[in-house]
Amino acid sequence: MQWIIFMLLLFISSMEMLTQNRWKKQASAGLLENCTGCVLCSEDNGCITCHHRLFLLIWRDGIRQYGMCVHTCPPGYFGVRGLEVNRCTKCRSPSCESCFSRDFCMKCKDKFYLHKGQCFRQCPPSTTVQPGTRECQETCEPGPWSEWSACTHEGRTCGCKWGVETRVREVPGAPREEGAACPSLLETRKCRMRKHCPGEKTEPKNKGKKRQKKPKTEPHAGT
């Protein structure tokens, strides 16, 4: 009877060892699959360090943390290269699809608009959406037109028959960004100038014409 119990315990122990070895092989295979590109890899947490050309992407699932080595960081992350390890860092804003730094977004998710590195549900005041993009562009609200300038030609206000006069209008407030959608801020039109400048000598109308000599009249005989 004792011999039968001993053989039964030995059989159970052998089956447990076989099951553990099979599980270890499966775990090792899964570990190798999840550790592609890793220099150091943990059975519980995945990649810890990556090859120098790859980025370490870390995410959480509950209280557990996992690591993976990737060539490019996924949406919502940006790559930061370091001396020891390159990391994928998450963008701070959840509405940001891609970012240049943690606080500067370059592309927003759907239903959001980009302005100065931030994502908004609507474009801020004094901005409008650019055609074909989801970026907000500064708009201009210029003031009234100034009076027309003096009529000039090559910097002179006289000496020519025709010249040009201009008028301008300014945008009140702080200077606008380069590329802001502003209407025309300068206008020109053709104007008539005075022909001669003050003090300029004018040629007489009959200059260059020879004087016609009056015919001599001879005295009549007998006078």
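**Rings and disulfides**

Modeller: W59 is partly exposed, since its relative accessibility is 33% (buried is under 20% relative accessible area, exposed over 50%, partly exposed in between; 1.4 Å probe, protein chains only). One caution: this is a predicted model, where local features need pLDDT of at least 70, side-chain atom pairs count only at pLDDT 80 or more, and totals for chains, interfaces and linings use all residues. Residues are numbered from 1 along each chain as its sequence is written, and side-chain values use heavy atoms, with hydrogens and water left out.

Biologist: Which residue forms an aromatic pair with W59?
Modeller: Y66. The pair is stacked, 5.9 Å centre to centre with 25° between the planes. Rings of Phe, Tyr and Trp (its six-membered ring) pair if their centres lie within 6.5 Å; planes under 30 degrees apart are stacked, over 60 edge-to-face, the rest tilted.

Biologist: And Y66, buried or partly exposed?
Modeller: Partly exposed, at 22% relative accessibility.

Biologist: Switching topic. How many disulfides are there?
Modeller: Eight, from a search of the whole structure (cysteine sulfur atoms within 2.5 Å).

Biologist: What about C108?
Modeller: A disulfide joins C108 to C119, S to S 2.1 Å. The S-S torsion is about -95°, so this disulfide is left-handed.

Biologist: And C151?
Modeller: C151 is joined to C191, S to S 1.7 Å. That link is right-handed, with 95° about the S-S bond.

Biologist: Is C191 buried or exposed?
Modeller: Buried, with a relative accessible area of 8%. C151 is buried too, at 14% relative accessibility.
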